[in-house]
Amino acid sequence: MNNIIGDDSFPSPARDSGVPSTARGNDIRAVFFDIDGTLTSFATHKVPDSAVDAIHRLQAKGVKVLICTGRAPSQMGVVLDTMPVTFDGIVAFNGQYCFDDTGFFASQAIEPSDIKVILDWLDRHPDVVANFGERDYVYFNHTNEALQATWAQLGKTAPTRYFDDPHERTAAHETFQISPFIGPDEEAELVSLCRNVRGVRWHPDFTDLIPADGGKPRGIQRFMAHYGITREQTMAFGDGGNDTAMLAYAGIGVAMGNATDEPKAAADYVTDDVDHDGVLNALLHFGVL
């Protein structure tokens with residue numbers, strides 16, 4: 001298994017070097033944004049105007065602006081279509097599916113042997129709802145109250161739900177992420193049965209199961225290689241547990257004020273929350289804008 005954060009193929013960022021914040025921000029060439037709780041508010045279910053303006057200003061300076069989310073490509077439109085922004089690239093499925101409009105594409109699916117283990121476990125736990133993510137289609141095995149409550153919390157940013165048979169679909173289509181609605185103990189049990197799977201969690205009700213050697217930092221690395229930029233030249237914004245490794249990996253990691261404790265501890269800086277211009281304020285703090 002690769003250690004993403006400590007990957008020796010990339011230099012470590014100068015987190016404690018004493019370099020002034022503005023000096024570090026002057027060399028940023030790519031900024032990666034989580035969606036839920038970072039660009040969009042769980043209170044208003046909107047992207048603040050200040051964040052949209054900040055993104056436009058970044059692109060006017062020649063800085064690449066990318067999405068880095070646990071969502072599937074097919075589940076982003078409900079948010080991104082509301083923004084007058086054309087993003088330079090997309091990191092979907094927590095790093096497992098990367099693409100842009102130039103034709104760049106890189107992906108990593110869950111291994112079929114691990115999918116079989118997960119399906120066998122779900123068969124033994126028939127009450128558990130799980131989400132299965134393919135390139136162009138995302139579906140659930142069935143529904144329950146936990147799923148309905150989570151979708152209600154997402155409000156108008158919640159994508160359309162589809163239901164299908166994962167035994168049939170996974171046999172014929174690559175699956176990049178499986179998200180069962182289980183707690184940490186069940187997650188640990190399920191992951192222990194797999195060969196190359198780990199869970200990353202941004203919501204208390206479910207976990208995103210991805211390849212153990214994947215993750216949002218791996219998605220950032222794929223675009224670093226594509227753009228020919230270094231780790232120090234990247235900046236990332238996030239708020240959930242699945243953003244923790246990304247914030248620790250990026251040259252500058254920024255946790256939103258509404259973030260949970262884990263990403264806050266991993267970040268270089270904790271900005272204001274999404275509803276109080278957190279994105280713009282952090283970019284000004286580091287002199288990126």
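Tyr139 lies in strand β7, which spans residues 138-140. The structure described here is a predicted model. With a relative accessibility of 0%, Tyr139 counts as buried, because buried means under 20% relative accessible area. When residues up to four places away in sequence are not counted, Tyr139 touches Ala130, Asn131, Phe132, Glu134, Tyr162, Phe163, Asp164, Asp165, Pro166, Arg169 and Thr170. Thr244, in contrast, is 105 residues from Tyr139 in sequence and 26 Å from it in space, C-alpha to C-alpha.

Pro166, one of the residues touched by Tyr139, is placed in helix α6, residues 166-172. At 9% relative accessibility, Pro166 also falls in the buried class. Its contacts, leaving aside neighbours within four places in sequence, are with Leu119, Phe132, Tyr139 and Asn141. Along the chain, Pro166 and Phe132 are 34 residues apart, and their C-alpha atoms are separated by 7.4 Å.

Arg124 provides an exposed case. The residue belongs to helix α4, which covers residues 112-124. Its relative accessibility is 51%, and Arg124 therefore counts as exposed, the threshold being over 50%. Between Arg124 and Pro184, which are 60 residues apart along the chain, the C-alpha separation is 18 Å.

Helix packing was examined for α2 and α11. Two packed helices are described by the angle between their axes and the distance between the axes. For helix α2 (residues 49-60) and helix α11 (residues 278-285), the axes come within 7 Å and cross at roughly 40°. The two helices are therefore oblique to each other, since angles under 35 degrees count as roughly parallel and those from 65 to 115 as roughly perpendicular. On the α2 side, the contact involves Ser50, Ala51, Ala54, Arg57 and Leu58; these meet Val279, Leu280, Leu283 and Leu284 in α11. By residue class, the contact of α2 with α11 divides into seven nonpolar residues, one polar and one charged.

Aromatic side chains form 17 pairs in the structure. In the pair of Tyr97 and Phe99, the ring centres are 5.8 Å apart and the planes stand at 70°, so the arrangement is edge-to-face. The two partners fall into separate accessibility classes: Tyr97 is buried, with a relative accessible area of 6%, whereas Phe99 is partly exposed, with a relative accessible area of 26%. One aromatic cluster is formed by Phe42, Phe140, Phe163, Phe181, Trp202 and Phe206.

The number of disulfides in the structure is zero. Cys68 takes part in no disulfide, and the nearest cysteine sulfur to it, that of Cys98, is 7.5 Å away. Cys98 is likewise in no disulfide, its nearest cysteine sulfur being that of Cys68 at 7.5 Å. A disulfide would require the sulfur atoms to lie within 2.5 Å. Cys68 is buried at 0% relative accessibility, and Cys98 is buried with a relative accessible area of 0%.

Backbone geometry was considered next. Most residues other than glycine have a negative phi, and most peptide bonds are trans. His45, which is not a glycine, has a positive phi near 60°. This residue lies in the loop between β1 (30-33) and α2. Phe93 is also not a glycine and has a positive phi of about 50°. The loop that contains Phe93 runs between β3 (89-92) and β4 (97-99). With a relative accessible area of 2%, Phe93 is buried.

Asp243 is a further loop residue. Its place is between β11 (234-238) and α9 (244-249). Although in a loop, Asp243 counts as buried, at 0% relative accessibility. Leaving aside neighbours within four places in sequence, Asp243 is in contact with Asp34, Lys216 and Gly238.

Technical notes
Residues are numbered from 1 along each chain as its sequence is written. This is a predicted model: local features need pLDDT of at least 70, side-chain atom pairs count only at pLDDT 80 or more; totals for chains, interfaces and linings use all residues. Side-chain values use heavy atoms; hydrogens and water are left out. Axes are lines fitted to C-alpha atoms, for helices over the stretch in contact, and angles run from 0 to 180 degrees between N-to-C directions. Helices (H or I, at least four residues) and strands (E, at least two) are DSSP runs, numbered from the N terminus. Angles under 35 degrees count as roughly parallel, over 145 as roughly antiparallel, 65 to 115 as roughly perpendicular and the rest as oblique. Contact means heavy atoms within 4.5 Å. Ala, Val, Leu, Ile, Met, Phe, Trp, Tyr, Cys and Pro count as nonpolar, Asp, Glu, Lys and Arg as charged, and the others, Gly among them, as polar. Rings of Phe, Tyr and Trp (its six-membered ring) pair if their centres lie within 6.5 Å; planes under 30 degrees apart count as stacked, over 60 as edge-to-face and the rest as tilted. Buried means under 20% relative accessible area, exposed over 50%, partly exposed in between (1.4 Å probe, protein chains only).
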